[in-house]
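I had the viewer open this morning and jotted down what I looked up as I went along. Here are my entries, with the structure itself just below.

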Amino acid sequence: MASMAVSVLVSEPVKGNHLPRLYDERHLSPLLKKRLALRQLKQIHAKLLRGGLNQDVVLVTKMVGACAVSGAMDYAYLLFRGTQHPDLVLCNAMLKGYTQNGFMKEALHFYVHVLEGGFFFPDQYTLPYVFKACAALLAVTAGRAVHAMSVKSGLAGDAFVGNSLVDFYAKCGDVDSALCAFCRIEEPNPISWNILIGSFVSSGDMVSARKLFDEMPERDVASWNTMLSGYAKAGDLVEARRVFEQMPERNLVSWNAMIAAYAQNGKGEHALMVFSQMVGSSVSPGVATMLTVMSIVSNMSNSDNVNWVVDLAARSEFANSVSILTAIVNLHAKFGRIDDAYRVFSGIHDKDTVCYNAMIGGFTQNQEPSRALELFRRMQSEAIEPDAMTMVSVLSACAQLGALGLGEWVHNYVERNGIPMDVYLGTALVDMYARCGDVDSSWRVFIKMPQRDVATWNAMIRGLAMHGHGNGALQLFLQMEIEGYSPNYITFVALLSACSHEGLVSHGFSIFNSMKAKYGIMPGIEHYGCMVDLLGRAKHLAEAREFIEKMPIEPDSAIWAALLSACRFHQNLELAKEATEKLIALNPSHDGNYVLLSNIYAKAGKWEDVARMRESMRSQGVRKTPGCSAVEIGDSVYEFTAGDRSHPQWAEIYAKWNELAKQLKPMGYSPDTGTVLRGILDEEEKEQALYRHSEKLAVSFALITTKPGTPIRIVKNLRICVDCHRAFELISLLLGREITIRDRNRFHHFREGHCSCRGYW
Ligand code: ZN
Ligand code: ZN
């Protein structure tokens with residue numbers, strides 16, 4: 001028998017297994033300190049079993065330690081149960097493993113059933129784990145019971161136990177008991193003091209914290225840091241700064257705390273000054289420092305600090321960290337440097353969801369929805385999981401493009417993949433449907449949302465107003481107030497535009513006047529714009545002019561444009577001329593204004609003025625903003641610019657429009673060449689120029705590629721012109737097609753020969 005046992009032992013290494021002879025503790029120890037897979041742990045355990053060493057408590061304790069490092073506490077418990085004679089050291093190792101891995105309930109359970117069960121008496125190493133678990137679970141009663149036991153056994157005076165007890169009471173918010181426990185510690189060390197000071201700091205009692213800090217025999221850098229963050233949290237930046245200046249030495253935590261203190265209290269400039277001081281000091285910024293600083297810079301109104309901060313991040317030791325690079329992408333995107341953002345993004349090796357979100361969001365914020373969607377497709381092809389934030393950006397891109405089909409697909413995707421419908425995602429859906437012309441679906445999403453915030457209500461109110469459901473919008477506002485939400489700046493823009501669409505002049509005025517009086521919101525330029533629009537639509541042109549005169553803020557181009565629209569509609573040439581001149585003065589490079597003024601002069605027969613206008617356009621070097629229209633067909637969005645010949649089917653598209661124009665002529669369509677600058681082109685050229693408007697190309701393309709009866713949805717970057725508007729009214733009648741156009745200002749739903757805007761835009 002003996003010889004057989006020997007042969008088993010000897011044969012082990014011969015089997016080609018290169019593990020050292022595991023029966024030797026000296027060999028085993030270094031191996032068990034590494035993070036191991038469960039499979040490896042089992043292998044080692046098997047070796048112990050075969051070597052007959054599975055009951056060696058010292059080895060089992062080391063195995064439990066290895067399980068803890070590897071996160072395999074269930075297996076550790078099996079090992080523990082298999083040990084016939086466990087000791088306190090093994091029990092402590094179990095407790096340590098549970099707390100290290102955040103299994104606080106298991107730790108407490110283990111303590112109650114195994115230790116208190118009468119097997120062992122806890123020592124000064126046991127109790128800190130127990131108090132730590134009680135603190136994390138806020139298990140006050142259990143903690144107090146263990147405390148009482150520790151007093152009886154004389155362990156409470158030990159600094160190690162005492163500190164954990166002070167910490168337990170501090171975390172449970174019981175500052176008085178923390179102080180009592182502190183007083184029982186025979187020789188409190190700096191850690192004891194710091195924990196106690198920290199407990200006063202977290203309860204917001206800076207006076208007591210200060211008193212203790214002053215009494216403290218030996219302060220270390222952690223003590224100073226605790227006071228610094230305490231003052232910062234209390235919003236007392238002067239004291240925080242004083243502590244920062246007085247500290248004998250500063251570590252990374254101190255610098256981070258001072259920078260964060262300024263940042264959280266809206267003092268970005270001060271935070272940056274501290275940061276530049278840090279750069280010149282002996283402490284190098286950490287990842288957290290760089291992330292904070294980049295977020296400060298991105299919240300500033302100007303991009304002055306972007307370059308040096310980005311340079312610094314790029315030269316730092318973590319220049320390749322994904323989180324730093326993502327922050328740089330965000331920063332560039334925030335300030336419209338979308339190509340810089342993309343260059344950094346392209347250089348990131350292991351792109352994750354957050355990283356994609358930054359870039360997709362960047363494209364969306366910079367009005368590049370097509371690039372946002374393209375990148376989203378790439379994200380999918382690379383099998384990177386999108387999250388709710390990705391979906392919010394993608395929906396916003398769909399809204400910008402008017403890509404309803406794609407927006408619906410995203411909605412479906414969210415539901416299919418169980419992406420939680422939070423308030424942001426829900427709001428993005430409401431907004432997407434409204435801006436893509438499907439306000440009914442907006443409403444369906446809105447009523448199903450379990451949670452809403454003011455942005456959700458705003459999106460729905462704006463959606464209703466935008467689609468001409470002014471009364472619905474006002475009703476919804478009442479509901480919003482009943483449900484206890486306070487309106488904000490944007491709510492009132494939506495409400496006033498609703499009044500404007502419905503021609504509710506006096507109601508509009510009462511809302512406008514209530515803004516400051518009832519809600520404490522100062523009307524801004526957008527609200528004044530809505531009021532001018534409201535008055536202008538209702539043909540109160542003189543009042544609108546007077547309203548502008550009395551405005552406390554300088555009128556911007558949107559205000560004059562609103563007045564001009566009203567003048568054009570109600571044929572007031574004199575006022576139109578004034579409005580246009582103001583517009584040109586505010587924005588001399590915008591071609592549309594010259595065209596409008598030129599048309600006004602032409603209508604009044606003032607040909608000399610027309611010529612003067614032409615000359616001034618030439619001398620100013622005014623270039624036309626190219627009109628651009630997007631149409632969604634299937635799951636693709638096609639973009640057309642005026643006179644575009646880049647599409648492979650361009651000849652077919654142009655032929656389609658020529659054919660349509662012929663069919664429309666007997667219905668009363670004559671190309672309104674008045675919208676093209678007079679005197680520059682001859683009549684035939686003008687007609688041709690009109691035919692190449694981007695929205696006409698988009699409609700023609702949709703007509704040749706979709707089945708009869710399919711609604712056509714178009715988004716245009718400029719305002720739709722009179723000629724296209726008239727033509728689309730007739731097409732909707734002639735072909736029985738619904739055409740929806742979202743132009744820069746509003747929606748036009750063309751159906752059976754009429755438009756929802758009733759000719760006013
Ligand atoms: Zn047009
Ligand atoms: Zn219209």
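**Ground rules**

I am working with a predicted model, in which local features need pLDDT of at least 70, side-chain atom pairs count only at pLDDT 80 or more, and totals for chains, interfaces and linings use all residues. Residues are numbered from 1 along each chain as its sequence is written, chains are lettered from A and ligands numbered from 1 in the order in which they are written, and side-chain values use heavy atoms, with hydrogens and water left out.

**Entry 1: the whole chain**

I began with the secondary structure and found 41 helices and six strands in the protein chain. Helices here are DSSP runs of H or I with at least four residues, strands are runs of E with at least two, and both are numbered from the N terminus.

Next I asked why the chain counts as more spread out than a compact globule. Its radius of gyration is 36 Å, well over the 27 Å that the globule rule gives for 761 residues, so the chain is more spread out than such a globule. The radius is taken over C-alpha atoms, and the rule is 2.2 Å times the number of residues to the power 0.38. I also noted that the C-alpha trace spans about 115 × 70 × 50 Å along its principal axes.

For burial, I read that 49% of the 761 residues are buried (under 20% relative accessible area, with exposed over 50% and partly exposed in between; 1.4 Å probe, protein chains only). The chain exposes about 36700 Å², and carbon and sulfur atoms supply 54% of that area (Shrake-Rupley method, 1.4 Å probe; for residues, only the protein chains shown count as cover).

I then looked at contacts, meaning heavy atoms within 4.5 Å. Among those between residues at least 6 apart in sequence, 61% join residues at least 24 apart.

**Entry 2: the sheet**

E1 and E2 are antiparallel over six bridges, and Ile633 stands opposite Ser636 in E2. The two strands form a hairpin with two residues between them, where Gly634 in the turn has a positive phi of about 60°. Strand E1 (residues 628-633) is mostly covered, with five of its six residues buried.

E1 also pairs with E3, antiparallel over three bridges; there Ser629 stands opposite Lys716 in E3.

Strand E3 (residues 712-716) runs parallel to strand E4 (residues 739-742), joined by four bridges. The bridge partner of Val715 in E4 is Arg742.

E4 is in turn antiparallel to strand E5 (residues 747-751), again through four bridges, and a hairpin of four residues joins E4 to E5. Ile739 has Phe750 as its bridge partner in E5.

Finally, E5 and E6 run antiparallel over two bridges, with Arg751 opposite His754 in E6. Their hairpin has two residues between the strands, and Glu752 in the turn has a positive phi of about 45°.

**Entry 3: single residues**

I clicked on Leu252 in helix H16 (residues 252-264). Leaving aside neighbours within four places in sequence, Leu252 is in contact with Met278, Val283, Ser284, Pro285, Gly286 and Thr289. I also took the C-alpha separation of Leu252 and Leu664, which is 75 Å for 412 residues along the chain.

Then I checked two loop residues with positive phi. Leu138 lies in the loop between helix H8 (126-137) and helix H9 (140-152); its phi is near 50°, and it is exposed at 52% relative accessible area. Lys539 lies in the loop between helix H32 (525-537) and helix H33 (541-550), with phi near 70°, and is exposed at 56%.

My last stop was Pro708, in the loop between helix H40 (694-705) and E3. Pro708 is exposed, with a relative accessible area of 78%. Its C-alpha atom is 38 Å from that of Met389, 319 residues apart along the chain.

How values were computed: Pairing = 2+ DSSP bridges.
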